[in-house]
Amino acid sequence: MHTLDSTDLKILLELIRDPRVQIGELSELLGVARNTAQSRVRRLLRAGVLHDGGREIDLAAVGYDVVAFVTIEVTHRELDGVVGALRLLPQVLEVHEISGRGDVWCRVVATDTHNLQSALRQILRIKGVIRTETVLALHTHIPYRTEPLISRLAQAAPGKD
């Protein structure tokens with residue numbers, strides 16, 4: 001996909017906010033014709049921007065193709081403040097409190113290495129952050145998934161037929 005216009009981005013945002021939104025409701029929310037909303041969603045699917053039935057967004061397709069895993073060591077009494085500050089950084093996709101080396105682990109995306117460096121500097125400026133260690137993802141072999149777990153549970157569940 002070449003570039004996403006504001007309507008495309010608004011569609012993606014609404015799908016993130018409510019993955020079950022219907023096309024008619026989407027068209028109302030955006031103030032566009034139903035056919036426009038439907039054709040835009042189809043185009044985003046064909047272009048690979050949307051996956052999994054139109055609800056999972058490929059961030060590389062919208063320009064965020066650098067993925068990093070950042071381990072953060074924090075001053076423990078500042079942990080809540082650090083997590084709160086990380087929540088405000090749009091490039092931080094997820095944050096986990098961890099055991100082992102470091103205290104917090106987060107997944108960060110960027111448009112390029114300079115953009116990543118900027119995000120890492122923002123993280124280092126957070127009160128309570130002592131140090132970070134960053135690892136770049138080179139390739140995703142198995143993306144986040146839940147289907148195998150749910151499938152196993154469904155097979156093992158007693159039937160109520």
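Tutor: Let us begin with contact, which means heavy atoms within 4.5 Å. Helices (H or I, at least four residues) and strands (E, at least two) are DSSP runs, numbered from the N terminus. The model is a predicted one, in which local features need pLDDT of at least 70 and side-chain atom pairs count only at pLDDT 80 or more, while totals for chains, interfaces and linings use all residues. Residues are numbered from 1 along each chain as its sequence is written, and side-chain values use heavy atoms, with hydrogens and water left out.

Student: Against which helices do the buried residues of H2 pack?
Tutor: Buried means under 20% relative accessible area, exposed over 50%, and partly exposed in between (1.4 Å probe, protein chains only). In helix H2, which covers residues 23-30, the buried residues include Gly24, Leu26 and Ser27. Because these cover an arc of only 160 degrees around the axis (the arc being that of the directions from the helix axis to the C-beta atoms), they lie on the same side of H2. The buried residues of H2 pack against H1 and H3.

Student: Which residues on the other side of H1 are exposed?
Tutor: An α-helix has 3.6 residues a turn, so residues three or four places apart point the same way. In H1, the residues Thr7, Asp8, Ile11, Leu12, Glu14 and Leu15 are buried. Their arc around the axis is only 165 degrees, so they share the same side of H1. On the other side, the exposed residues are Ile16 and Arg17.

Student: What covers the buried residues of H1?
Tutor: At the start of H1, a side-chain oxygen of Asp5 comes to within 3.1 Å of the backbone nitrogen of Thr7. The cover over the buried residues of this helix draws on both helices and strands, and it includes H2, H3, strand E1 (50-51) and strand E2 (56-57).

Student: How far apart are the closest N and O atoms of Arg107 and Glu94?
Tutor: A salt bridge is a side-chain nitrogen of Lys or Arg within 4 Å of a carboxyl oxygen of Asp or Glu. In the salt bridge of Arg107 with Glu94, the closest N and O atoms are separated by 2.7 Å.

Student: How many residues apart are Arg40 and Asp5?
Tutor: Arg40 forms a salt bridge with Asp5, with 2.8 Å between the closest N and O atoms. This pair links distant parts of the chain, for Arg40 is in helix H3 (residues 34-46) and Asp5 is in the segment before helix H1 (6-17), a separation of 35 residues.

Student: Which of the two words, buried or exposed, applies to Lys127?
Tutor: Lys127 forms a salt bridge with Glu78, the closest N and O atoms being 3.8 Å apart. The relative accessibility of Lys127 is 63%, and therefore this residue counts as exposed.

Student: With the side chain of which residue does the side chain of Gln91 make a polar contact?
Tutor: A polar contact is a pair of N or O atoms within 3.5 Å; within protein, one must be able to donate a hydrogen and the other to accept it, and residues adjacent in sequence count only if both atoms are side-chain atoms. Gln91 sits in the loop between H4 and E4, and its relative accessible area of 14% makes it buried. Beyond its neighbours within four places in sequence, Gln91 touches several residues, among them Tyr64, Arg107 and Ala119. At 2.8 Å, the side-chain partner of Gln91 in a polar contact is Asn115.
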